[in-house]
Structures are given as C-alpha cells and as structure tokens.
Amino acid sequence: MRVIAKSTLKKFWEIPAYNDAQAPIESWYEETIKANWESPQAIKNQYATASICKNNRVVFNVGGNKYRLIVEIQYQASIVWVKFIGTHAQYDKINVEVVNEY
C-alpha cells in the first residue's frame, strides 16, 4: 500500500507531548506499506481491532489505544490517505466519516 503522507504522521510525533507515538506509528507505517489490502476484511485479518467505517474510512488504535489513526483507503489503487491522527480524547470530538485534518 502507498501511504499519503508519512510527513503528516511525523509532524504529529514530533510534537513533544506525542513523542511516545513515534515507535507505534512507524511500526504501523512499515506494516502498511508491505500490506496488500484488497478489502476491509483483509485489514481486519491483520488488525482485528481496526474499525471499518463508512466512506472507505478505517480507524486504527495506535500505541495501546492511546492514539487513533483514521485513514481513507482506495483499495483498487492501493492508496491509504491519512485523514486524522490524534489522542483518543481528540478522536472522540470528531466525525470519522468526514474528518480531513492532520
């Protein structure tokens, strides 16, 4: 899969309060670029705790569920767009289906 954009993830973990997110986010990134997700079920097979949402959105629990990562996936094109990365509390304040902020 092609992830757009790693720089968004890096900006997040470079914030001093979120430095502990670097290792789990990098781990997710490395696993994702090696993946070949052709369907939501393929994601669930790899990440049982991922939440499949409307609009091709998927929510991943990162860092022991401390952080939430929302992506939009275009399965045929093998593209994963980062739509949101934040704390669990920040996640609770947004709409998964439409959020488009980093």
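Which residue forms a salt bridge with Lys 10? Hi everyone, that one is Glu 14, with the closest N and O atoms 3.5 Å apart. By salt bridge I mean a side-chain nitrogen of Lys or Arg within 4 Å of a carboxyl oxygen of Asp or Glu.

A word on the model. It is predicted, so local features need pLDDT of at least 70 and side-chain atom pairs count only at pLDDT 80 or more, while totals for chains, interfaces and linings use all residues. Residues are numbered from 1 along each chain as its sequence is written, and side-chain values use heavy atoms, leaving out hydrogens and water.

Back to the charges: the whole structure has 4 salt bridges. Asp 20 pairs with Lys 66, the closest N and O atoms being 2.7 Å apart. Asp 20 sits in the loop between α1 and α2, and Lys 66 in the loop between β3 and β4, 46 residues apart. Helices (H or I, at least four residues) and strands (E, at least two) are DSSP runs, numbered from the N terminus.

Shared partners join Arg 57, Glu 72 and Lys 83 into one network. The Arg 57 side chain also reaches the backbone oxygen of Val 96 at 2.9 Å.

On to the nonpolar core, meaning buried Ala, Val, Leu, Ile, Met, Phe, Trp, Tyr and Cys residues joined through side-chain atoms within 4.5 Å. The largest one has 26 residues, and Trp 28, Trp 37, Phe 60, Leu 69 and Ile 73 touch the most other members. Strand β4 gives the largest share, 4 residues. A second, separate core of 6 residues includes Ile 70, Phe 84, Tyr 91 and Val 96.

Finally, the rings. Phe, Tyr and Trp rings (six-membered for Trp) pair if their centres lie within 6.5 Å; planes under 30 degrees apart are stacked, over 60 edge-to-face, the rest tilted. We get 7 aromatic pairs. Phe 12 and Tyr 18 are stacked, at 4.5 Å centre to centre with 10° between the planes. Ring pairs also link Trp 28, Trp 37, Tyr 47 and Phe 60 into a cluster. Thanks, all!

Terms used
Buried < 20%, exposed > 50% of the residue type's maximum accessible area, 1.4 Å probe, protein only. Polar contact = N/O pair within 3.5 Å; in protein donor to acceptor, adjacent residues only side chain to side chain.
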